[in-house]
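Please open the model in the viewer and keep the selection panel at hand. The stops below are to be taken in order.

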Amino acid sequence: MSSSKKYPFISQALDERRVEHRFRDLNALEIESDPLFGKREGKTLLNFCSNDYLGLSNNPVVKQRSVEFVQKYGAGSSSSRLVSGTRDYHSDLEKKFAKVCGFDSVLLFNTGFQANLSIIAAIADRNSLILADKKSHNSLIQGAQLSKAEFKRFNHNDYNQLEKFLIEAQSKNYNRIWIISETIFSMDGDANNLEELVRLSSKYKAYLYSDDAHALGVFGYKGMGFNPPHKEIDLNIGTFGKAFGSFGAFVGCAEEMKDYLVNFCSGFIYTTALPPAIIGALDAALDLIPTMDEERTHILKLSEILRHEMHKLGFDTANSISQIVPIIVGSDKNAVSLSNHLESKGILASAIRPPTVEKDKARIRITITANHQQKHIEQLVEVIREWKNG
Ligand SMILES: *Cc1c(COP(=O)(O)O)cnc(C)c1O
């Protein structure tokens with residue numbers, strides 16, 4: 001065990017993590033020509049924990065457009081958007097996005113984390129009420145806390161409880177109520193019920209904030225996620241680090257909401273504008289994604305096969321309906337043991353443990369991408385079967 005005289009609070013916290021077997025560190029994964037495989041400590045691993053759902057991070061058209069933008073516009077945008085960092089390439093991409101998705105307007109953000117944290121802090125205050133799903137991404141929770149609003153979390157997808165909170169709220173003097181949910185949840189791969197959230201928000205005069213991070217690129221008309229058909233959603237969040245293959249985020253909203261964020265959202269105002277390399281990559285990804293229905297069908301078919309095989313082996317896959325398939329093994333120890341077994345057989349899959357998920361719901365979280373083939377799923381299933389029977 002390490003110990004440090006200078007930072008006793010740090011060595012104590014880290015030691016606690018080690019004792020609980022929850023200490024985490026950074027391991028580089030070297031990606032060679034095929035992004036499906038990575039090398040760690042000389043060993044080649046088949047990657048089942050990437051969010052590059054459509055394989056666009058290594059797509060030649062995406063890479064080429066990124067290079068073109070760098071050559072044409074340089075390496076950086078030189079300033080924040082409001083000062084002198086806005087270029088035509090930012091505004092053009094925002095307009096193109098709004099058009100493809102059917103949003104009134106779109107505003108780019110540097111990351112999804114930054115968007116959630118700072119948008120929520122800007123749209124609610126100490127007189128507001130925020131009601132968020134218990135399984136919300138950390139960035140949504142941090143944003144709610146930063147806003148100083150009263151913050152309640154309803155049980156996962158439990159809209160009876162949400163309605164109860166909404167009814168209670170009617171007799172109080174909140175200046176506004178926000179309902180927050182993801183469309184596809186990142187740890188369970190299950191979906192929410194957007195129609196029902198839209199209905200409840202309209203019935204109780206609440207606003208709706210919907211984070212589409214894991215659905216974007218994989219679900220919906222032209223792959224634009226679950227949000228676009230629901231015009232009633234007040235803030236439509238999407239991120240670009242996953243299926244879009246690069247980096248950044250956006251919000252789709254009404255013109256007036258965009259003006260408000262440009263004026264009041266610190267995570268938009270006080271940060272350097274996204275650089276040309278990223279905008280170029282996003283511009284190409286936005287051309288390609290609407291044409292990738294075949295890839296989307298393939299991803300969902302493989303995911304279904306994996307769930308079916310896992311059920312046959314007696315594993316719970318929660319309510320996954322997406323490319324994210326949790327294989328729930330219960331204890332932390334089981335999760336680490338399975339993850340190590342997979343790695344020893346050349347498969348990379350992450351063990352997810354509390355506090356990221358509830359106690360006794362430790363799991364291996366598999367993500368399927370368009371680059372996976374059926375034989376890769378078979379290989380994965382075989383190795384898991386071995387562990388189960390071994
Ligand atoms: C990944 C993710 C984010 C964060 O997006 P980044 O662009 O990676 O910062 C936000 N919300 C959800 C639901 C996510 O899964």
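Select P355, which sits in the loop between β13 (350-352) and β14 (362-367); strands are DSSP runs of E with at least two residues, helices are runs of H or I with at least four, and both are numbered from the N terminus. The peptide bond leading from P354 to P355 is cis, its omega being near 10°.

This is a predicted model, in which local features need pLDDT of at least 70 and side-chain atom pairs count only at pLDDT 80 or more, while totals for chains, interfaces and linings use all residues. Residues are numbered from 1 along each chain as its sequence is written, and side-chain values use heavy atoms, with hydrogens and water left out.

K222 is not a glycine, yet its phi is positive, at about 60°.

Now display the ligand. Which of the 13 residues around the ligand come nearest? They are G112, F113, D211, H214 and K242, where a residue is near if one of its heavy atoms lies within 4 Å.

- A polar backbone atom of F113 is 2.9 Å from an oxygen atom of the ligand.
- An N or O atom in the side chain of D211 is 2.7 Å from a nitrogen atom of the ligand.
- A polar side-chain atom of K242 is 2.6 Å from an oxygen atom of the ligand.

Select helix α5 (residues 112-123) together with helix α6 (residues 138-147): they pack at about 25°, with axes 7 Å apart. Axes are lines fitted to C-alpha atoms, for helices over the stretch in contact, and angles run from 0 to 180 degrees between N-to-C directions. The angle therefore makes α5 roughly parallel to α6, a term for angles under 35 degrees. Residues of α5 in contact with α6 (heavy atoms within 4.5 Å) include F113, L117 and I120, and those of α6 include L140, A144 and L146. This contact comprises seven nonpolar, seven polar and no charged residues.

I119, A122 and I123 of α5 meet Y260, L261 and F264 of α9. By class, the contact of α5 with α9 holds six nonpolar, no polar and no charged residues; Ala, Val, Leu, Ile, Met, Phe, Trp, Tyr, Cys and Pro count as nonpolar, Asp, Glu, Lys and Arg as charged, and the others, Gly among them, as polar.

Note on methods:
Angles under 35 degrees count as roughly parallel, over 145 as roughly antiparallel, 65 to 115 as roughly perpendicular and the rest as oblique. A polar contact is a pair of N or O atoms within 3.5 Å; within protein, one must be able to donate a hydrogen and the other to accept it, and residues adjacent in sequence count only if both atoms are side-chain atoms.
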